[in-house]
Amino acid sequence: MKPLRIALTKGRLEKDTVAAFEKIGMDCSLLHDKGRKLIFPIADGKIEVVLAKAADVITYVENGACDLGVVGKDTIMENGSHFYEILDLGFGRCRFALAGKKGDSFYGGYSSKTVASKYPNVAKQFFAGKNMDVRVIKIEGSVELAPLLGLTDAIVDIVETGSTLKANGLEVQDTIAEISARLIANTVSLKLRKKEIEELAEKLEKVIEK
Ligand code: PRP
């Protein structure tokens with residue numbers, strides 16, 4: 001049988017994902033000294049781990065190139081969901097927030113507002129839900145710069161410790177959603193390899209820190 005292929009999000013979620021896999025007895029030693037390699041056979045070749053950028057994890061799982069994926073709810077909210085979200089893994093906790101310069105009131109006044117975000121779909125949906133006509137400008141990173149440079153009134157971004165906002169004189173003005181890492185499955189894989197996937201999800205569920 002082909003190995004069960006799992007796409008992991010590189011970077012922020014990687015360490016916690018590998019730790020969770022090790023807690024359920026998978027030998028992930030190859031992932032500790034990985035160099036520039038991107039594909040790793042683990043668990044005696046029963047599982048193949050693939051390292052990818054967050055949005056690409058979704059693309060690989062949606063299209064069946066990977067059976068499973070570990071990705072943040074932030075990326076899921078931004079990039080749609082033609083897959084099953086099967087487990088909240090409990091780590092990678094942060095929140096989507098609307099933030100602006102300290103003392104500013106985004107919701108005050110009648111003038112139309114602008115926000116910057118790496119997550120334009122999340123931002124647009126949030127304001128549409130409030131019946132607010134807000135212009136959203138896509139920024140690739142360090143979104144905090146946008147209000148500081150006068151490009152926008154505020155940002156919609158993920159806040160984890162809050163230290164980036166604080167260091168730049170910004171503060172949370174509203175919370176949009178709570179975020180954590182999720183285990184996702186390709187819809188066909190979940191039918192064809194149901195038993196293996198359910199066993200893995202059940203093991204992971206037992207080691208999740210609530
Ligand atoms: C994220 C996010 C904030 C920061 C929040 O950026 O966009 O800038 O982390 O974390 P904190 O509340 O703990 O300070 P990331 O580090 O992913 O970099 P980027 O903005 O360059 O994408």
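**Rings and a surface patch**

Guide: Leu149 is exposed, at 67% relative accessible area (exposed is over 50%, buried under 20%, partly exposed in between, with a 1.4 Å probe and protein chains only). This is a predicted model, where local features need pLDDT of at least 70, side-chain atom pairs count only at pLDDT 80 or more, and totals for chains, interfaces and linings use all residues. Residues are numbered from 1 along each chain as its sequence is written, and side-chain values use heavy atoms, leaving out hydrogens and water.

Visitor: Which residues make the nonpolar surface patch of about 300 Å²?
Guide: Leu145, Leu148 and Leu149. Leu149 itself is in the loop between helix 6 (145-148) and strand 9 (154-159).

Visitor: How many aromatic pairs does a search of the whole structure find?
Guide: Rings of Phe, Tyr and Trp (its six-membered ring) pair if their centres lie within 6.5 Å; planes under 30 degrees apart are stacked, over 60 edge-to-face, the rest tilted. The search finds four. One of them, Phe96 with Tyr119, is edge-to-face, at 4.8 Å centre to centre and 80° between the planes. Phe96 lies in strand 6 (residues 94-101) and Tyr119 in the loop between strand 7 (113-117) and helix 5 (120-129), so the pair ties together parts 23 residues apart in sequence.

Visitor: Is Phe96 buried or exposed?
Guide: Buried, at 0% relative accessibility; Tyr119 is buried too, at 11%.

Visitor: Which residues do ring pairs link into a cluster?
Guide: Phe106, Tyr107, Phe126 and Phe127. Phe106 is buried at 4%, while Tyr107 is partly exposed at 36%.

Definitions and conventions
Patches are made of residues with over 30% relative accessible area and no salt bridge: like charges are joined within 9 Å, nonpolar side chains (Val, Leu, Ile, Met, Phe, Trp, Tyr) within 5 Å. Accessible areas come from the Shrake-Rupley method with a 1.4 Å probe; for residues, only the protein chains shown count as cover. A salt bridge is a side-chain nitrogen of Lys or Arg within 4 Å of a carboxyl oxygen of Asp or Glu. Helices (H or I, at least four residues) and strands (E, at least two) are DSSP runs, numbered from the N terminus.
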